[in-house]
Amino acid sequence: MSVRVNWRQSIAFTGTVIKYLAVAMLVPLAIGLLYGGDIVVFLLSIGITVIIGAGLERLHDDPQLGAREALLFVALAWGGVAVIGAIPYIVAGYGTESALRYPINALFESMSGFTTTGATVTAEISFEQHSHALLMWRQLTQWLGGMGIIVLMVAILPEAAVNGAQLIESEAPGPELQKLTPKIAETARLLWLFYLGFTVLYVGILIGLHYAGMAPNMDVYNAVAHGFTTLPTGGFSPQADSIAAFSPVVQWVVIPFMLIAGMNFALFYLLMQDNYAEFLRDRELQAYLGANAGLVVVLWGFLFTGSAPALELGGVTQGALENSLRQATFQVASLLNSTGYATSDFAQWGTTSQGLLLFAMFIGGSAGSTGGGVKIVRWLVVIKGIRRQLFTTAHPDAIKPVRLGGHVVDEDVISAIYGFTLLYLLTFGVATVLLLLDAGRVGLEMTILEAISASLATIGNIGPGFGFLGPFGSYLEFPATSKLLMILLMWIGRLEIIPVFVIFTGAFWNE
Amino acid sequence: MYVVIIGAGEVGSAIATSLADSHHVTVIDIDGTHVENLMYDTDILGIEGDGTDLEVLEEANIDEADILIACTDDDETNIVTCSTAMTVTEAFIISRIRSAKYMRTWQRSDRAFGIDHMAATNLLTAETIARVVGLPAAQDVEIFADGLVQMAQFRISESSPIANVTVQDADRYESLTFAAVLREDTVVIPRGGTVLEPGDEVIVIGSPENIQTFAHELEPDTDGKPNILVVGGSDIGYHTARLLQERGLKPKLVEQDHDRAREIAESLSETTVLESDVTNRAFLEQEHIDDVDIVIAALDSDEKNLLVSLLTKRLGSERAVAVVESGEYVDLFEEVGIDVAVNPREATAEEITRFTREHKAENVAIIESDRAEVLEIEVDEESVLVNRPIRESVDDLPDGVVIGAITRDGELVIPRGDTVVKHGDHVIVFVEIESQKEASRKI
């Protein structure tokens, strides 16, 4: 059988994406000029990026993506961008002690960045080890990946808008694409506008706090750096202590913006049209905020009654009303929607509290948000589907559509959601076992909880796990094979598994 | 008045017959034999032709018509007929509509399709059923004076607490009037000493609260929310379930066709939709038919509705309400054990008749296929009732007329012998069909 997919088109289009990545590298270059250091690194990286991008573009002079080419393109683009994003780490690390000088580590860090995972393989995060420019590049990759590089492409490139709906469908988190306006490019522009708007507002507030004297460590560099990783539910921080490095006021300000990042950005369109009633009626939003609130209350109780020891980062929570509430709210808001910031070393908390956080990590953000995981709306449909199953067991003749906020969910969508959720859990389970086996092979000591959290934190694009993978830990100790597996997990997790898996089926390539 | 009717089917014929005595009526139908048969039976002018054709309408002189009624079996034909007629006539245009979707369109805009009044057959039938279901033991319920007054019809069973009791003893309610007793083929106007016999049907008029209490007294063990099963996902079945769920009930609905069942299930969130053949005994037993208080049979044929009603009653359901398309079967159905037979055409005819009473009667309820009527009439200066106590004016009214209730400025007034009726009052009167014309002229 002959190959029916015009892969040259997909690769050529990926070249265009890569070429534009060079433009993004101007940001760290500017930081380099401002703070000194790594100017040559970024000039060189920009050069390599343009050459590779332009070279790939030559594979096809007029790419017109069909349905399968579009799927292939989305998967390739995310893979390609991660590879290119690794170049500055390798170049900067050349001849130094940085762990990122090894291509596998650089690729891990880059994939973790673009997929907004936030898992790191750096041995040490400090300005002594890495330049301001390189750490800002690390932050920027998350901001670009958050709302989606394909959405950005559709928003700004007219040639991508032709097949834009399908491209965004493959990239956007959640079961269905919500078109806000008849023109897909306009929808993409609106989404990026909300995203940019919240980022600017957030950075503005942080800088304001700094100059008001309430956030001594939150200087302009840090404000921008965290602005790049909060709204995309990223989790990278140029501070080794993550958000624990900042004052409680800053921590309280970060919480609402993390919550916003886990909401469906299409909902903000309703707010723009003054349709507050429908905004508040959204079932997924209610469930998302409800899940957060519920978990916070329970965790607050645990922490207040002494489920966590006195920690250097995070302080004492037992009997401390404000601190225990803040730690509970922050950690739940951060882990439920897959951000991965931390204000306390929760890997040292008691088992019950850790179990609660592990549960939160399974939930994920809303559809159409920048969050990872299974997503709230899918869990809602799965739960309602199971309830329906139980009902029809008692009443075999009953016809009972699954409803979400008054709307009937299509049966095809329900089975797609079942399929996705099952595949997600299966992939997570298999990967956990593979990580354990690989660790055993090289003699790395790892508990089952650590393996579970590593698998979940990468496929769910969360970042930190438990044990040595805690919020202030590192994935550096894993053997290269495990890192490769986790790079794959982050990649398929960001694209919600199916668009990547389908490429490896025979049916995709044949007629 | 000059009335033009398009469609000489059952509904059209019934309307034409009831109007022919006092009005000039022209009937148009595409089927020549229909028109001819009707012309032999009643004093009307018949025209054979297509009602959507302007030439045919002009042949019927619709530019001079006061009322135009489109009542063919086909919604689209009725709508096109009305829209066509609108271009040449000033007449008040009434259309019969089955599907509720056109009704919704019409309600949203002023005079959509050129129609002044829509009589939505299926919706009216569903409303009738929902009203009857809401009142235990009731066979018919109609609303007057914007809901201030209700009329209800009850059958008195052997075990009824008011069987073999005089009206004086049975009527213990302040705002309730025993308007009539239907005994076999006769209408008895009750006096205080009239004894209510088992098998009688009583017509009571009064406030909704009192009628509700009265109904519960007749059937003491029907408290709480009834367990209702709607059989058949026809338009009538669907609307009945919808109206019931809007009242906070959780009905079950059975439909045999998968796609239709799915469609209804998607639209009605509080209704449990079951896909099955309802004549299947195993299914009925599995769904605990003996726990069902009311079965509503709304399938597409009268025979099936009869079968389902009898079958479910035999298996233990309390009360059966059946939709009966053919008016002549209503009595037969009720005789063989169906508690309430609802005729969609009667509901439509009631609606349409309202508009042909020279706009005097505000509301009409037809009792037992035209044996009597309950009318709501606004009293004007000419009326024999105005500015006199009822005791005096009663002598000027024909026999077989009972004043059931009076509303004044949105409040219910209980008619007593010394009550003085004023200009602008609404009176709800029961009239036997023989006295109907004289009564509505005098009031």
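Helices here are DSSP runs of H or I with at least four residues, and strands are DSSP runs of E with at least two, numbered from the N terminus. The model on screen is predicted.

**Stop 1: chain B as a whole.** Select chain B, which holds 16 helices and 24 strands. Its radius of gyration is 22 Å, close to the 22 Å that the globule rule gives for 443 residues, so chain B is as compact as a globular protein of that length. The C-alpha trace of chain B spans about 60 × 60 × 40 Å along its principal axes. Colour by burial next: buried residues account for 46% of the 443 residues in chain B. Of the contacts in chain B with a separation of 6 or more, 60% are between residues 24 or more positions apart.

**Stop 2: the sheet.** Now show the open sheet of seven strands, with mixed pairing, ordered β1(A)-β16(B)-β15(B)-β14(B)-β17(B)-β18(B)-β19(B).

**Stop 3: β14(B) and its partners.** β14(B) runs parallel to β17(B), joined by four bridges, and parallel to β15(B), joined by three. Which residue of β17(B) is the bridge partner of V231(B)? The partner is A297(B). In β15(B), V231(B) stands opposite V254(B).

Move on from β17(B), residues 294–297, to β18(B), residues 319–323: four bridges join this parallel pair. I294(B) has R319(B) as its bridge partner in β18(B).

**Stop 4: a helix pair in chain A.** Select residues 67–93 (α4) and 164–171 (α9) of chain A. The two helices pack at an angle of about 45 degrees, with their axes 9 Å apart. Angles from 65 to 115 degrees would count as roughly perpendicular and those under 35 as roughly parallel; α4(A) is therefore oblique to α9(A). Their crossing is right-handed. To see the contact, display A67(A), A70(A), L71(A) and V74(A) of α4(A), which meet Q166(A), L167(A), S170(A) and E171(A) of α9(A).

Notes
Residues are numbered from 1 along each chain as its sequence is written. Chains are lettered from A and ligands numbered from 1 in the order in which they are written. This is a predicted model: local features need pLDDT of at least 70, side-chain atom pairs count only at pLDDT 80 or more; totals for chains, interfaces and linings use all residues. Two strands pair if DSSP finds at least two bridges between them. The radius of gyration is taken over C-alpha atoms; the globule rule is 2.2 Å times the number of residues to the power 0.38. A residue is buried if 20 or more other C-beta atoms lie within 10 Å of its own, exposed if 12 or fewer, and partly exposed in between; C-beta atoms are placed from the backbone. Two residues are in contact if their C-beta atoms, placed from the backbone, lie within 7 Å. Axes are lines fitted to C-alpha atoms, for helices over the stretch in contact, and angles run from 0 to 180 degrees between N-to-C directions. Angles under 35 degrees count as roughly parallel, over 145 as roughly antiparallel, 65 to 115 as roughly perpendicular and the rest as oblique. A crossing is left-handed if the near helix is turned anticlockwise from the far one by less than a right angle, and right-handed if clockwise.
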